[in-house]
Amino acid sequence: MKMLDGILVEETQQDIDEVAHDFTSEQLDEMYAASLADIARMERDRILVSEVDPVTGNTLRLNSLPTEKKAEWLQYRTDLMDVPQQAGFPTDITWPVKPE
């Protein structure tokens with residue numbers, strides 16, 4: 001989308017091609033990788049907020065779990081936080097498995 005005379009309009013393929021010609025293929029690859037990294041971090045953050053933090057961020061709930069389950073949840077949180085440090089990030093991500 002772009003603004004044209006104060007109106008939001010769809011960009012044409014020609015508009016996109018003109019912008020793409022302003023960059024080298026290496027720059028485009030870097031922008032693509034940065035976008036993938038942003039998307040992966042957003043997904044990781046969504047999982048943390050919606051699934052992990054309600055368990056690990058609640059001391060009473062976390063401490064009510066058996067020791068083994070508590071350790072699994074804490075490791076799961078650590079593994080999610082470490083996703084950007086994976087060797088294949090952001091194109092080849094091994095997502096940690098949520099504890100049951």
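The protein contains four helices and two strands, where helices (H or I, at least four residues) and strands (E, at least two) are DSSP runs numbered from the N terminus. The structure is a predicted model, in which local features need pLDDT of at least 70 and side-chain atom pairs count only at pLDDT 80 or more, while totals for chains, interfaces and linings use all residues. Residues are numbered from 1 along each chain as its sequence is written, and side-chain values use heavy atoms, with hydrogens and water left out.

Along the sequence, the elements follow the pattern β-β-α-α-α-α. Of the 100 residues, 20% count as buried; buried means under 20% relative accessible area, exposed over 50%, and partly exposed in between (1.4 Å probe, protein chains only). The accessible surface of the protein comes to about 7,500 Å², and carbon and sulfur atoms account for 55% of this area. Accessible areas come from the Shrake-Rupley method with a 1.4 Å probe, and for residues only the protein chains shown count as cover. Among contacts (heavy atoms within 4.5 Å) between residues at least 6 apart in sequence, 44% join residues at least 24 apart.

Helix 4 (residues 67-81) consists of 15 residues and reaches 21 Å from its first C-alpha to its last, close to the 21 Å expected at 1.5 Å a residue. The expected span is 1.5 Å times one less than the number of residues. W73, Y76 and L80 are buried in this helix. Seen down the axis of helix 4, the buried residues fall within an arc of 60°, so they line one face of the helix; the arc is that of the directions from the helix axis to the C-beta atoms. T67 and E68, on the other side of helix 4, are exposed. The cover over the buried residues of helix 4 includes helix 2 (25-56).

R44 is placed in helix 2 and is buried, with a relative accessible area of 11%. Not counting residues up to four places away in sequence, R44 touches L80, M81, P84 and W95. L80 is also one of the buried residues of helix 4.

Five salt bridges were counted, a salt bridge being a side-chain nitrogen of Lys or Arg within 4 Å of a carboxyl oxygen of Asp or Glu. In one of them, D53 and R77 meet through their side chains at 3.5 Å, N to O. This pair links distant parts of the chain, with D53 in helix 2 and R77 in helix 4, 24 residues apart. D53 is partly exposed at 29% relative accessibility, and R77 is partly exposed at 31%.

E43 forms a salt bridge with R46, the closest N and O atoms being 2.8 Å apart. The two residues are three apart in helix 2 and are therefore separated by about one helical turn. E43 is partly exposed at 32% relative accessibility, as is R46 at 41%. In helix 4, the side chains of E72 and K69 meet at 3.2 Å, N to O, and these residues are likewise three apart, about one helical turn. An α-helix has 3.6 residues a turn, so residues three or four places apart point the same way.

F23, L28 and M31 form a nonpolar patch on the surface, with about 230 Å² of accessible area together. Patches are made of residues with over 30% relative accessible area and no salt bridge, with like charges joined within 9 Å and nonpolar side chains (Val, Leu, Ile, Met, Phe, Trp, Tyr) within 5 Å. F23 lies in the loop between helix 1 (13-20) and helix 2 and is partly exposed at 34% relative accessibility.
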